[in-house]
Amino acid sequence: MIYSTGAINEFQNIFDTQIAHRMCYEDENNCESIGTKNNAISLSELLKINFNVNVEIKDEIHELMSNSPYLWKVRPISYKLNYYAGCDVFYLPKLYDLFCKKIETKKVQHIAIQDIFNECQKYLNYMEQMRII
């Protein structure tokens, strides 16, 4: 939302856990990620796979989001949405550390991290062209 308002011109230091997962998994198994659609994996799936964590409210919030595309624009944000977002924020640094360690063990950390940043920038450029953000 901040990006679409013009408050900032470009993103820097973006780390996409979905792209990192794909890169780590494909490198480990020399194939595409199993169990993902179009190389997509949700944060919920990443939490289940890597930490055996199931945030129960996620299913409820996903249903609310599918029924109301503007759910996150309503203010004040509800307790459930705050809790949902808080769960994501809590685990993101743990996922970042996990993927960095996996990448580091392959001795290609600087290349892989840069690839992740490049993939994120391509995605943001595409979204901007499609006027999604």
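How are H3 and H4 oriented to each other? Let's look at this predicted model and find out.

## How H3 meets H4

Helix H3 spans residues 57–67 and helix H4 spans residues 79–105; their axes come within 10 Å and cross at roughly 120°. The two helices, H3 and H4, are therefore oblique to each other. The crossing in which H3 passes H4 is left-handed.

On the H3 side, the contact is made by Ile57, Lys58, Glu60, Ile61, His62 and Met65. H4 contributes Lys80, Leu81, Tyr83, Tyr84 and Asp88.

Which residues of H3 are buried? They are Ile57, Lys58 and Ile61. These residues lie on the same side of H3, because the arc they cover around the axis is only 95°. As a reminder, an α-helix has 3.6 residues a turn, so residues three or four places apart point the same way.

The cover over the buried residues of H3 includes helix H2 (43–51) and H4. Turn to the other side of H3 and you will find Asp59, Glu63, Ser66 and Asn67 exposed.

## Threonine 17 in H1

Now for a single residue elsewhere in the chain. Threonine 17 belongs to helix H1, which covers residues 17–29. Is threonine 17 buried or exposed? With a relative accessible area of 14%, threonine 17 is buried, because the cut-off for buried is under 20%.

Which residues does threonine 17 touch, leaving aside its neighbours within four places in sequence? Threonine 17 is then in contact with Leu46, Leu92, Leu95 and Phe99.

Key
Residues are numbered from 1 along each chain as its sequence is written. This is a predicted model: local features need pLDDT of at least 70, side-chain atom pairs count only at pLDDT 80 or more; totals for chains, interfaces and linings use all residues. Side-chain values use heavy atoms; hydrogens and water are left out. Axes are lines fitted to C-alpha atoms, for helices over the stretch in contact, and angles run from 0 to 180 degrees between N-to-C directions. Helices (H or I, at least four residues) and strands (E, at least two) are DSSP runs, numbered from the N terminus. Angles under 35 degrees count as roughly parallel, over 145 as roughly antiparallel, 65 to 115 as roughly perpendicular and the rest as oblique. A crossing is left-handed if the near helix is turned anticlockwise from the far one by less than a right angle, and right-handed if clockwise. Contact means heavy atoms within 4.5 Å. Buried means under 20% relative accessible area, exposed over 50%, partly exposed in between (1.4 Å probe, protein chains only). The arc is that of the directions from the helix axis to the C-beta atoms.
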